[in-house]
Amino acid sequence: MMIYIILGAIYILAGILDILKGLFNYPLPKLFLGDIFGGISLLCIGILYILGHKNDSFIITANTLGIGVGIISLIVLISYFIGYILGFKYEPTINIYLILGFLSILYFYKEKISKNIKK
Amino acid sequence: MYEIALIGNPNVGKSSLFNLLTGENVYIGNWPGVTVEKKEGYFDNNYKIIDLPGVYSLSTGAIDEKVTMEYFLKNKPDLVVNIVDATTLDRNLYLTLQLLEMGNNLLMALNKIDLCKLDYKKIKELENILNIKIVPISVKKKVGIEDLKKMIKELCKNKNYVILKYPKLEKYIEEIIDILKEDQNLKEYNLRLLAIKLLENDDYIINIVKDTDIWNKLEKKLNKINEELKKEYNGKNPFEVERLKLIKKIKEIVYDNNEIYVEKDLTYHIDEVLFNGYYGILVVVPLLWMLFTFTFTASKPFMDIIETLINIFSNFIKEIVTNKFLASLLADGIIGGVGAVLVFIPLLLFLYIGISFYEGTGLLARIPILADMYLRKFGLPGKAIIPLILGFGCNVPAILAARTIENEKDRILTIIINPLCSCSARLPIYVLFASAFFSKNQGLVILSLYTLGISLALILSKIFRIVLFKEEPEELTYELPNYHIPSFREIFVNTWERIKHFLRKAGTIILFGSILVWFLTVFGPSGFLGEDVFKNPELIKMSFSAKIGEFLSVIFSPFGWGWKETTALFYGLMAKELVVSSLGILYGVSGDKLLNILTKYFTPVSAYAYMVFTLIYVPCLATLGVIKQELGLKWTIFVMLYLIVLAYFVSLTIFIIGNLIFC
């Protein structure tokens with residue numbers, strides 16, 4: 001199954017929606033942050049996944065970046081949580097970046113991409 | 001006490017080895033006269049290790065290279081430890097040969113031995129060719145470090161100075177040394193190194209000997225030798241030819257089939273995409289976003305925590321100090337000023353962790369290569385990409401990030417255009433005015449300001465490159481290390497040392513500036529106005545800052561801005577966020593009322609011109625502080641002046657054209 005194509009399409013869709021929210025304040029759920037730069041990044045990762053039909057290197061790179069995006073979102077979530085429990089106006093909510101990062105991790109294990117990497 | 005110089009190419013694991021050898025025992029300063037970090041550390045108390053900047057060769061082009069050259073010209077360390085990347089041995093050997101040419105007690109630390117197929121026999125062969133000791137190590141896996149320490153101790157006690165001599169060139173070196181010896185003033189220098197660099201026609205070295213009594217004699221001799229060498233080596237640098245010849249020979253003996261390392265690992269896969277034409281940009285954009293988000297978004301709650309603590313402390317001081325003048329000086333001036341520096345610490349901490357991580361993983365060496373082809377068209381080096389992107393968050397860390405640019409002119413150019421990257425502190429101003437005047441197209445109006453900022457930065461960098469620097473950005477020389485996860489210790493040690501450095505230096509000017517602004521606000525021609533001045537528009541009107549605003553409003557009269565709008569711009573010097581709050585105080589309103597009142601004082605065109613002015617004019621005090629720290633007073637004044645002139649010119653042009661079109 002070409003899961004990487006589906007994953008790529010999800011990344012692209014999420015990226016476009018986040019850009020639209022950022023640019024035109026589209027009424028989208030809080031899951032989307034309206035981060036234009038972030039939206040473009042998701043778009044880039046999505047394209048890399050889809051380019052995976054050329055060779056494995058694109059999928060491995062997209063997956064590594066996707067996991068990176070997830071980790072950064074998790075760090076931001078933790079940081080906001082600290083701010084929240086100390087009484088500041090932060091809402092530590094799960095967002096699309098974290099979800100997509102998690103999907104990339106799942107895909108990493110499912111396809112056992114790690115086996116393709118000798119070291 | 002033995003002095004040991006640690007030297008190697010960039011990205012070979014030198015800093016990690018330095019940390020492993022010295023542990024916590026590290027002192028960080030600057031090399032004399034330049035802002036290049038100088039690290040010194042100790043192990044076993046008797047061994048002082050000096051971490052020299054990472055260089056590809058002993059030349060004098062970039063600032064890092066000059067520092068390294070100066071060190072070897074004037075110092076004779078007991079031992080030179082040359083750390084070499086075993087996976088790219090051939091490229092690293094160029095520096096090794098140069099170190100041997102000048103005559104050093106040299107030890108080679110052959111790093112990343114775990115990643116390549118060099119066996120014991122091959123290493124022995126290499127030892128025999130170079131006539132030096134080699135210790136295979138893996139800094140990442142901490143293998144061979146104890147052996148290296150043992151060898152360092154042994155070679156410090158039983159020195160083995162090796163001089164690499166090229167038969168065809170040796171007699172010329174000796175002839176030059178004989179002349180150099182005649183001048184007593186040159187005694188402090190390594191004459192052999194001087195001679196080699198003179199024969200290589202190094203301008204920096206020629207300038208050292210030009211003012212000596214022997215120069216005429218030396219010049220004649222050099223001309224004669226150069227003529228002979230020109231014929232012999234077809235006009236090529238004779239030393240370069242000899243070095244490359246020797247490296248080729250070593251490669252044939254040590255390598256199997258001219259290859260040392262071929263394996264499809266993560267590095268192979270990512271680099272295949274990264275350097276695959278235009279696909280590389282698809283990798284760079286998410287990488288930059290990650291650094292940006294980690295630096296600015298993740299650090300924000302911690303900045304708020306520090307700001308709150310400072311406010312609590314400030315209020316506490318106001319409560320316990322009964323003298324109102326003293327209370328205001330301490331709370332609003334000094335604590336406010338120190339607070340302005342302290343608030344940046346989380347931001348810098350996250351930035352440096354991010355940069356150290358990218359540096360350690362090997363990404364930092366790659367991103368500039370991809371940006372180089374685009375930025376070079378505007379006269380900027382590829383390495384300017386990181387400061388440019390970070391500038392959209394905050395100019396302070398962005399300017400500090402320019403330290404990764406070795407070439408001094410490239411670094412100056414990158415720093416002086418950085419304030420044109422609109423930092424996040426300017427966003428509240430844009431949002432306020434865009435909501436008041438362009439509510440239907442807020443996003444596009446704000447986007448236009450960001451585009452204007454980066455466009456001006458690129459156009460000006462091209463102009464400055466042609467007018468001020470008059471030479472192309474330095475060619476990007478690079479060594480691509482394998483990707484790996486750096487150790488936490490490496491990241492945090494580097495981060496903490498850089499933060500300390502920032503606090504020590506930038507704190508002084510920001511503190512001074514804060515006290516100055518405080519003074520101009522709480523004092524007026526009638527004397528001390530009281531601490532309520534920050535809340536009361538009638539009191540502010542009597543302050544020196546308002547008087548300055550009134551005076552400056554004459555200059556801004558073509559725009560129709562009065563003293564209140566001009567005074568708000570003046571407060572923006574302290575921090576850009578203050579423009580909005582100052583307007584609120586000066587108009588005596590807040591929230592939605594501020595939006596409404598703005599429409600009485602501005603037209604849509606003058607409001608847009610005001611936004612453009614705040615985008616371009618002088619950056620905040622903290623940014624000026626780090627520019628002063630990095631480039632000195634002369635460049636700081638230059639940045640202030642050119643930005644004010646540019647801001648005025650661009651805003652006025654927009655104001656005039658806007659009025660012609662819309663009014």
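How many residues does the contact take from chain A and from chain B? I started there, knowing that this is a predicted model. I got 33 residues from chain A and 23 residues from chain B.

**Entry: the chain A side of the contact.** I asked which elements of chain A give two or more residues to the side that touches chain B. They turned out to be α1 (3–24), α2 (36–50) and α3 (56–85) of chain A. α3(A) gives the most, with 16 residues. I then sorted this side of chain A by class and noted 21 nonpolar, 9 polar and 3 charged residues.

**Entry: chain B overall.** I moved on to chain B and listed 30 helices and 10 strands. Of its 663 residues, 45% count as buried. I also looked at contacts in chain B between residues at least 6 apart in sequence, and 71% of them join residues at least 24 apart.

**Entry: helix α2 of chain B.** This helix covers residues 63–74, so to speak 12 residues in the record of my notes. From its first C-alpha to its last it reaches 17 Å, close to the 16 Å expected at 1.5 Å a residue. Is α2(B) mostly covered or uncovered? Mostly covered, I found, as 9 of its 12 residues are buried.

**Entry: strands β1 and β4 of chain B.** β1(B) came up again, this time beside β4(B): the two run parallel and 5 bridges join them. I noted Tyr2(B) standing opposite Tyr47(B) in β4(B). In a regular strand the side chains alternate between the two faces of the sheet. I looked for that in β4(B), residues 47–51, and found Tyr47(B), Ile49(B) and Asp51(B) on the covered face. Lys48(B) and Ile50(B) are on the uncovered one.

**Entry: a helix pair in chain B.** Last, I looked at α25 (residues 563–571) and α26 (residues 578–587) of chain B. Their axes come within 8 Å and cross at roughly 145°, and the crossing is right-handed. On α25(B) the contact is made by Lys564(B), Thr567(B), Ala568(B), Leu569(B) and Tyr571(B). On α26(B) I wrote down Leu578(B), Val579(B), Ser582(B), Leu583(B), Leu586(B) and Tyr587(B). By class, this contact has 8 nonpolar, 2 polar and 1 charged residues.

Conventions
Residues are numbered from 1 along each chain as its sequence is written. Chains are lettered from A and ligands numbered from 1 in the order in which they are written. This is a predicted model: local features need pLDDT of at least 70, side-chain atom pairs count only at pLDDT 80 or more; totals for chains, interfaces and linings use all residues. Two residues are in contact if their C-beta atoms, placed from the backbone, lie within 7 Å. Helices (H or I, at least four residues) and strands (E, at least two) are DSSP runs, numbered from the N terminus. Ala, Val, Leu, Ile, Met, Phe, Trp, Tyr, Cys and Pro count as nonpolar, Asp, Glu, Lys and Arg as charged, and the others, Gly among them, as polar. The expected span of a helix is 1.5 Å times one less than its number of residues. A residue is buried if 20 or more other C-beta atoms lie within 10 Å of its own, exposed if 12 or fewer, and partly exposed in between; C-beta atoms are placed from the backbone. Two strands pair if DSSP finds at least two bridges between them. Axes are lines fitted to C-alpha atoms, for helices over the stretch in contact, and angles run from 0 to 180 degrees between N-to-C directions. A crossing is left-handed if the near helix is turned anticlockwise from the far one by less than a right angle, and right-handed if clockwise.
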